[in-house]
Amino acid sequence: MGRYVARRLLQMLPVIIGTTFLVFALVTEMGGDPVQNLYGERPVPESIRVALTAQYHLDEPLPVRYGYYLGGLIQGDFGTSLSGSRPISEMIADAWPETLRIAGIAFVFEMIIGVAAGVMAGMRRGKFLDNLVLLSTLTVIAVPIFVLGQVSQIFLGVKAGIFPVSGTNEGFVSYLLPGLVLGSVSLAYIARLARASVAENLRMDYVRTAKAKGLAPSRITGVHVLRNSLIPVVTFLGADLGTLMGGAIVTERIFNIPGVGYNLFKAIQIEDGPALVGFVTLLVIVYVVMALVVDLLYAVLDPRIRYA
């Protein structure tokens, strides 16, 4: 296992370097004049242009600029934002806890409710509960997330007054509604995936053997069926956790949560290339780490899986 983890960590390096270089190149080459973007239509004073050009190595070739960026990244320096000249690492430190809060709520919500709904539907395939889960999840999947967020704001926030509708001034309660909205679509996918996996495993030979041995239905479901059915669910959850922790641009924008997604939206809006590259780099690192965690969880769920 140790050698496998070490090998995977080494494999992560070219993925991170290749992805960040691609993003860096696209943002740099397609972003126009970054100094002029800060001033809009106003003329840029020559002294400021010279200073910013030297600070951000804008007069250097692309590979050299990326080399400077990669060297800083190795030291934990994500660069400096063009807007306000603020270190991007500080922006990430402020935004990351906000995203973690709503991502944690969304993940717990979709994992518990989604798996429970999927297992119950799979155990009762073709019955009322199964049809109800299929219909409700299909409805949630069909509704765009920005519509779901705004509708929940109106009915659960403004009219019912159950949740705050914007900002983080109310503490933990402020993150509940954004977290539920963020996890709703993933919950629907998890429920359908768990339902299909449970229904398939119930028809396997080992289940009939367990029933023939006289094992209790709860043990058959909890120990044998559920454990084997969770492997595809864990795969989805791992990838989705990377998405949640990376930041949901739409959800954070709707509820005015100053997290990673919100800062990404602002960076795109004001064409702040260094901030955009820095936050996307964070997303890349989160994704590759979560992919490694998912692979390691396979061996926990299925003892037959071993890594050399």
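Tutor: Helices are DSSP runs (H or I, at least four residues) numbered from the N terminus. This is a predicted model, in which local features need pLDDT of at least 70 and side-chain atom pairs count only at pLDDT 80 or more, while totals for chains, interfaces and linings use all residues. Residues are numbered from 1 along each chain as its sequence is written, and side-chain values use heavy atoms, with hydrogens and water left out.

Student: What distance separates the end C-alpha atoms of α4?

Tutor: The expected span is 1.5 Å times one less than the number of residues. For the 13 residues of α4 this should give 18 Å, and the end C-alpha atoms agree, being apart by 18 Å.

Student: Within what arc do the buried residues of α4 fall?

Tutor: Buried means under 20% relative accessible area, exposed over 50%, and partly exposed in between (1.4 Å probe, protein chains only). In α4 the buried residues are L62, R65, Y66, Y69, G72 and L73. They line one face of the helix, because seen down its axis they fall within an arc of 125°.

Student: Which helices hold F21 and Y66?

Tutor: Rings of Phe, Tyr and Trp (its six-membered ring) pair if their centres lie within 6.5 Å, with planes under 30 degrees apart counted as stacked, over 60 as edge-to-face and the rest as tilted. F21 and Y66 are edge-to-face, at 5.0 Å centre to centre and 80° between the planes. The pair ties together parts 45 residues apart in sequence, since F21 lies in α1 (residues 2-30) and Y66 in α4 (residues 62-74).

Student: What is the relative accessible area of Y69, which pairs with Y66?

Tutor: The rings of Y66 and Y69 form a tilted pair, 6.4 Å centre to centre with 40° between the planes. These two residues of α4 are separated by about one helical turn, being 3 residues apart. Y69 is buried, with a relative accessible area of 10%.

Technical notes:
Arc of directions from axis to C-beta.
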